Amino acid sequence: MRAAASSLRRPTVEWFAVTLFCALLTLISAVEGWLWRIDQTLYDEVLSTWTQPASDDVVIISIDDASLSSLGRWPWSRRVHAALIDFAREAGARAVLLDLILDGPSPDDPGADAALARAIRDQGRVVLPMTQATTGAILSGEVRPLDMFADAAAAIGHSQVEFDPDGIARSVYLWEGFGEARHPQLALALLRLLEPEPAGRFPPPPPGAELDHQQWQRANWLRVPFSGPPGTYTHYSYRAVLAGEVPPENLHNKILMVGTTAAGMGDAVPTPTSGLSRPMPGVEVQANVFDALRRGAAVVPLSPWVSAAVAMVMVVALMLTLLYAEARTGLMASFLLGASAVLLAGLGLHLGGWWFGPAPAILGCMLAYPLWSWRRLESAQRYLDAELIALEREGTPLGLPIDESGQTAADPLEQRIRIVRGAAQHQRDVRRFIADTLEHLPIGVVVIDQLDRVILHNERARHLLRAFRSDALLSALRALPWPAYLPMRDGLPDVSGYSGIRQFELTPDKKRYLLVSVADLFSESSDRPGRVIGLADVTTMHEAQRSREDTMHFLSHDLRAPLASILTLIDGYRDSSTLQAEQIPRIARYARSALDLADGLFRLVRAEGSDPKDFVELDLAGLVDSAADEVWPQANARGIRIEVDTQGAEQEEAIIRGDFSLLRRAVINLLTNAVKYGHAGSRVSVCLKGEGTDWIIQVRDQGEGIPADALPRLFKRFSRIVDEGRDKPSGVGLGLIIVKTVAERHGGSVTVESQVGVGSTFELRLPLRGQASQLDGM
């Protein structure tokens with residue numbers, strides 16, 4: 001028992017161990033960010049797949065290669081930029097974001113700076129960038145536009161973009177500055193100028209927060225949901241705008257973002273949506289940031305602990321599936337849960353703007369299946385090895401030693417193959433042993449499976465049924481004269497409602513009698529039972545019974561005639577003399593005893609010789625009433641009241657097939673015994689009720705009861721119970737054996753329960769309740 005309990009606990013412990021390992025690995029990888037590169041790759045793919053449309057009022061004026069070829073080498077004269085801003089003002093542009101660093105004066109044309117400052121001031125809504133000042137690798141301050149440009153501009157913002165460890169620009173800080181985060185992001189500065197209400201969702205940090213005059217400060221991190229790859233927004237060449245090739249109405253009421261897009265200008269960064277195309281120009285990054293801020297569509301990464309919790313739930317759900325599901329289902333569940341983690345991340349990013357890193361969940365799910373499969377295979381291997389060794393130790397069916405020559409092998413797999421080979425041979429030996437045993441049984445045996453196929457039979461069955469093939473055996477069994485009251489299934493008796501073995505005596509022809517036993521054969525793999533049918537030839541027994549019946553008939557006939565004459569003489573000369581009067585009671589008692597013996601023997605022989613084929617339909621309720629009326633005078637003489645209860649037959653007719661006179665005699669015998677052994681002035685009850693598939697006739701008295709050690713002798717011939725202190729009962733002891741014989745001939749039984757000092761209860765059980773009506777309806 002200890003070993004069995006250990007083998008049952010071990011898989012559970014291993015399941016908990018694998019679950020704990022996978023869950024902890026998932027937790028640590030999510031919190032520590034071990035799989036950040038995979039998460040970022042998936043993020044980029046999802047973001048590139050589910051893009052949002054770009055705003056049609058944002059237009060990018062590109063300083064492209066064509067513009068450089070037409071307008072000359074960079075840097076251009078600032079009069080060119082002033083001309084562009086004047087053109088934008090005349091076209092009615094809403095605002096201009098000039099993404100150019102104007103930190104120094106023009107060396108060749110000082111008047112150009114004044115012209116540009118005038119143009120910026122006249123337009124009224126020009127936003128200029130600022131950036132970080134570096135000395136080597138150290139941030140040393142801020143690079144702002146010249147004062148004349150800063151004073152003329154409507155707003156100034158920083159143009160810094162954040163790069164992740166893989167070199168991809170995915171986010172910005174909305175507020176930055178040296179010593180204090182006081183400068184808005186360039187796109188935010190533009191939004192504050194044009195649409196203050198949505199810009200109010202991104203207020204500056206509180207004054208003095210994280211103040212450090214020696215460090216560059218940042219606040220309000222924003223992960224940008226890019227609208228698409230480079231080129232998503234409307235682009236016009238700087239040259240084409242100045243040349244008048246772009247109609248002014250195309251720029252009317254537009255937000256113009258001016259920046260460099262030419263190759264080699266250096267103002268381009270790789271983004272999640274860049275893909276295999278070139279990096280995205282910085283001015284287009286600002287366009288994406290502006291759109292995201294205006295829509296309020298920032299991406300919010302979930303906390304590492306929340307992501308870890310979601311991933312651990314998926315891992316535990318998968319482990320529960322693996323614990324109870326088949327291997328194929330577990331494999332499918334592993335892939336489905338891994339895919340669902342990616343789908344959850346995509347739906348969250350697309351619908352809710354939050355990002356869940358699915359890589360830890362995928363790692364846990366991908367590890368859970370092979371680890372648990374490995375442990376389950378190890379457990380199955382241990383079990384199979386133990387079972388194979390046990391089979392090897394069992395030996396042959398007859399206990400013969402196993403031939404162990406050439407059974408050693410260094411390879412464990414070869415050793416297992418050897419054991420399997422021996423187990424297979426063992427099973428073949430067992431089957432041959434069973435077949436040989438069946439062939440030598442003195443009775444016929446036919447085994448039928450759940451699909452009504454004969455799978456086992458012996459020579460005796462073939463001889464008794466006179467069939468020599470499996471299909472012929474089944475046909476011969478179905479052709480037997482089964483009793484009409486039996487429920488049938490597929491041509492054979494249906495004994496599913498009866499526990500144990502049912503026996504029937506059948507006559508295939510007028511010369512032979514077969515005792516047929518039928519029992520269900522259950523299998524764990526099928527709800528439909530098979531059947532085992534036993535066949536025994538009882539023709540010789542019937543001949544002996546017929547001879548015994550003839551003898552008993554002769555004895556009873558010869559006893560009845562002289563005994564009846566003795567009683568007549570005694571009754572005729574009862575008052576002739578005193579001597580005769582003294583002898584007459586004794587002679588009468590002997591004569592009546594002999595007559596009772598003859599009657600009892602006659603009824604017993606008739607009961608034993610009854611044929612179920614001659615049974616007819618009868619009403620048990622009327623039979624019980626008739627038997628009670630028969631015994632009433634005897635009960636009345638002793639002052640005993642007989643109570644009859646047939647209410648159990650009111651809702652359903654108590655109709656069975658049987659011999660009315662035999663069943664009535666059986667009930668009369670039970671009632672006579674109850675009256676005989678009951679106390680004077682007591683009560684005898686007889687009750688008819690249904691129970692399951694049976695009808696029960698119950699007779700209860702209020703006598704002295706029967707001792708427990710005397711109960712086994714009740715149903716034997718000429719048996720009477722004589723106790724000390726009790727009057728010797730009259731009769732010859734055949735009443736209960738007649739009841740027992742009648743019950744068995746009708747397929748039923750009789751039982752008794754008794755308690756000394758309280759009384760006895762006899763139950764006559766008659767099976768196949770209600771079958772007569774069913775058969776009539778067929």
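Arg745 has its place in helix 21, and at 25% relative accessibility this residue counts as partly exposed. In this predicted model, Arg745 and Asp659 are 86 residues apart in sequence, while their C-alpha atoms are 9.6 Å apart in space.

**Salt bridges**

- Helix 21, which covers residues 735-745, also holds Glu744 and Lys740, and these two residues are 4 positions apart, or about one turn of the helix.
- The side chains of Glu744 and Lys740 are joined by a salt bridge, with 2.6 Å from N to O; Glu744 is partly exposed at 45% relative accessibility, and Lys740 is likewise partly exposed, with a relative accessible area of 28%.
- A network of salt bridges with shared partners is also present, and it joins Asp57, Arg94, Glu195, Asp291, Arg294 and Arg295.
- Glu643 and Arg683 form a salt bridge through their side chains, at 3.4 Å from N to O.
- Because Glu643 belongs to strand 24 (residues 641-645) and Arg683 to strand 26 (residues 683-691), this pair ties together parts that are 40 residues apart in sequence.
- Both partners of that pair are partly exposed, since Glu643 has a relative accessible area of 30% and Arg683 has one of 27%.
- Arg489 makes a salt bridge with Asp494, and the closest N and O atoms of the two are 3.9 Å apart, which falls inside the 4 Å cut-off used for a salt bridge.
- Arg489 counts as buried because its relative accessibility is 16%, whereas Asp494, at 23% relative accessibility, counts as partly exposed.
- Under the same cut-off, the count for the model comes to 26 salt bridges.

**A buried charge without a salt bridge**

- Glu763 lies in strand 29, which runs over residues 759-766, and this residue is buried yet has no salt bridge.
- The nearest side chain of opposite charge to Glu763 belongs to Arg765, and it is 4.1 Å away; a salt bridge is counted within 4 Å, so this pair is left out.
- The side chain of Glu763 does, however, have a polar contact of 2.9 Å with the side chain of Gln698.

**Patches on the surface**

- A patch of negative charge on the surface is formed where Asp619, Asp625, Asp629 and Glu653 gather.
- One of these residues, Asp629, lies in helix 19, which covers residues 620-637, and Asp629 is exposed, with a relative accessible area of 58%.

**Backbone geometry**

- The peptide bond that joins Trp74 and Pro75 is cis, with an omega of about 5 degrees, and Pro75 is found in the loop that lies between helix 3 (65-71) and helix 4 (78-91).
- Asn220 has a phi near 60 degrees, which is a positive value in a residue other than glycine.
- The place of Asn220 is in strand 9, made up of residues 216-223, and Asn220 is partly exposed, with a relative accessible area of 33%.
- Asn253 is not a glycine either, although its phi is positive, at about 60 degrees.
- Asn253 lies in the loop between helix 9 (238-242) and strand 11 (255-260), and at 45% relative accessibility this residue counts as partly exposed.

Key. Residues numbered from 1 in each chain as written. Predicted model: local features only at pLDDT ≥ 70, side-chain atom pairs only at ≥ 80, totals over all residues. Heavy atoms only, no water. Patch = residues over 30% accessible without salt bridge, like charges linked within 9 Å, V, L, I, M, F, W, Y side chains within 5 Å. Areas by Shrake-Rupley, 256 points an atom, 1.4 Å probe, with all protein chains shown as cover. Lys, Arg positive; Asp, Glu negative; His and termini not counted. Charge placed at Lys NZ, Arg CZ, Asp CG, Glu CD. Buried < 20%, exposed > 50% of the residue type's maximum accessible area, 1.4 Å probe, protein only. Polar contact = N/O pair within 3.5 Å; in protein donor to acceptor, adjacent residues only side chain to side chain.
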